[in-house]
Each structure stands twice: as C-alpha cells, then as structure tokens.
Amino acid sequence: RHVGSGGPPRVCDDYWSEFRHCRSVRNRFHHFYTFGTSPSCQQWKEDFNSCRAWEKSRSPEAKESLQKSERGRVAEQRNFTPVWELRQHPPRDWHLPLDHGNPPDS
Amino acid sequence: MDQSKQREDDYGYGLFPQRNATKYKKGSIAESLLTFNHKCQVMLQFAMETSPYAKLLLGAMKSSGCAVFKERHFSCEDCDGTVSGGFDATTSQIVLCQNNIHQQSHMNRVVTHELIHAFDHCRAHVDWFNNFRHLACSEIRAANLSGDCSFSNELSRFNFGLKQHHQECVRSRALRSILAVRKVSREEAEKVVDEVFDSCFSDHAPFGRIPHSKKDAKFAHRDFENRDRYYANL
C-alpha cells in the first residue's frame, strides 16, 4: 500500500481512466446538461503524464505539478460556505434501539 | 414530539401513517402476503449491495460513525399518495414506501436520496424541524447527487430541457420536497431555495463530484476507497 509513501495520490492508471471518461460522449453530454458548458479534460492527461514521470524518475517537477493539480481539485470541492455546522461526533441516538409503540421523546 | 399535535405543521409525518401504528403486525405472514413488504426488502438488499451510489454513502456513513444496519435504519412501509420515501430524524430511520416503489432502479434512487439525508444528519447539525435553510439544503443535495435529475429521469417525466436543465430540475424537485412536508407558501419555499442554492449545489460530499451516471458513481466510490492514500500524498 502507498499510504504516506511519498508516491502519487492516485494510481497512474486512474488518471488515464478519468481522462477517457471525461472525454466520452456521455460525459460531455452530462456536463452540458448540468453546467451548460463543455468539460475541460486536459488536466487529467497532464496529471497522468506527471504521475508516470514521478513513478519512473521521481521527478520533483512532476511531483510538484501533480500535487498542485490535486490540491486545486480539493480546493474546488470546498469552494462554498456551508449552510450548517459540521458535527464533531455523530448523533448520540443513531444507534439507540427503536422503541416500538412508545412515542419518541423530543 | 407531543407538542407537534398542537401545531398546524405535521412535518410530513401524515404521509407515513405507519410510523406510529402498523396495520399488520411486523414480521407476520399477513404482512408478507398482503403488502409489498417482502419485495421491498429484497430490492433494498440488492440496492445496498450493488448500487455504487448506495455503497459509497454507506461507506461514508460508517467512517463518520453512523454505520447503517438494514434492520435498524431502514423500514419498508405503506405510505400515502405517491411519496417514495423519507428520512425520519427522530428515529434515525429511512422509510421506504413499499406500495410506491416497484422497480429496482427506482429503489436504488430512493435509497440513495434518503441516504444523502441520513449522511447530512450524521455529519452536520441539521435542524430538520426548525430551520428551512437546512431542510432546503439537504433536499437540493439529494436531488443533485442521487440521479433524481438525470436526463433520462426528466425525460420520463416529460420535462424537456437541455442546457443546464439539471439545475432547474434540482431546484424544482427540492421545492416539491419541501412543500410536501412543510406548511409553507410556495413563495417562501422558493425564496429559501434561492438563498441556499449556490452553496448546497456545490456541496458534493461524499461523492467529490456530481455523479451523473453509474460510471461516475463507480469512480467516486473508487476515490472514496482510496482516500487514505490520496490525502496522505497531497
């Protein structure tokens, strides 16, 4: 396993499959249906190339480029102000047994 | 919950008449033969085992400390009207309307939709009963991420639209869901949906993307399974 090994964040083939999926007719249709624009897929291909370069030659430029790209993706997914406050612990009553026949306490 | 009997708003509980009293004793032969209960259970099991949407949500809930147990957290019941399912925050249960879900694909979608509510309940302080913004947000997310608004589903509802139609669909389905469970005017509901739309449409947790198709959901599930390695190597 690669956890914390200093290797790429994903298996290199995953970048390639994302690239191909991004460019597929179906995905382009879905993207247009959702966003009204064409998807941009080039970054996946660049990431694939960086990933392979990182694996083969431990190239610092490739590592830097790939990490920058992935951090960008993470940031994009966090780019909104949440409507609610996140919990520190799950709800206390999630696992409590059901009380059939008795009205739940409020 | 005694107070709710005095309020006008029943919080949608009227749609699920079996929440407090079942017509046939649970587990009885009458229940199996005279209701769609068994079919619902079978379809639910299949959804949990094979739908990448459901598997991802179940995995995400487990890692958030809300492991889902079929017997405890799901309930197949007869419901009113055309409602397909609901999430009951007071009992931490997902209700599936056995009399209104007849196809596996529909079951998959309902399970996904309700698991998104359950996931939100698990990871955030969602005030389902008093905060409209919270309710609207979870409904926007559920419509956005469950495949409710896929092109083919919309087509089957005779809603034709292409460019960015997905967003219109999400808006209108969120609105519908809110109006079904709360006594509030359409204008007020629209206003709340507008207020929170941009934020909640952008919140793709736990998928990391909007899963337009099963393939998207599979990729998202793959990413979820590999998340430890991913975050360790950023």
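In the predicted model, 55% of the 234 residues of chain B count as buried. The accessible surface of chain B amounts to about 10700 Å², and carbon and sulfur atoms contribute 52% of that area.

The secondary structure of chain B consists of 11 helices and 3 strands. Along the sequence, these elements are arranged in the pattern α-α-α-α-β-β-β-α-α-α-α-α-α-α. The radius of gyration of chain B is 18 Å, close to the 17 Å given by the globule rule for 234 residues, so chain B is as compact as a globular protein of that length. Along the principal axes, the C-alpha trace of chain B extends over about 55 × 40 × 35 Å. Among the contacts in chain B with a separation of 6 or more, 63% are made by residues 24 or more positions apart.

Chain B carries 31 positive and 29 negative charges. The mean position of the positive charges lies 6 Å apart from that of the negative charges.

Chain B is also in contact with chain A, with 66 residues from chain B and 50 residues from chain A taking part. Between them, the two chains bury about 5100 Å², and 57% of this buried area is on carbon and sulfur atoms. On the chain A side, the residues that lose the most area to chain B are Tyr33(A), Trp84(A) and Trp94(A).

Terms used:
Residues are numbered from 1 along each chain as its sequence is written. Chains are lettered from A and ligands numbered from 1 in the order in which they are written. This is a predicted model: local features need pLDDT of at least 70, side-chain atom pairs count only at pLDDT 80 or more; totals for chains, interfaces and linings use all residues. Side-chain values use heavy atoms; hydrogens and water are left out. Helices (H or I, at least four residues) and strands (E, at least two) are DSSP runs, numbered from the N terminus. The radius of gyration is taken over C-alpha atoms; the globule rule is 2.2 Å times the number of residues to the power 0.38. Buried means under 20% relative accessible area, exposed over 50%, partly exposed in between (1.4 Å probe, protein chains only). Contact means heavy atoms within 4.5 Å. Accessible areas come from the Shrake-Rupley method with a 1.4 Å probe; for residues, only the protein chains shown count as cover. Lys and Arg count as positive and Asp and Glu as negative; His and the chain ends are not counted. The place of a charge is taken as NZ of Lys, CZ of Arg, CG of Asp or CD of Glu. Buried area is the accessible area (1.4 Å probe) that two parts lose on being put together, summed over both.
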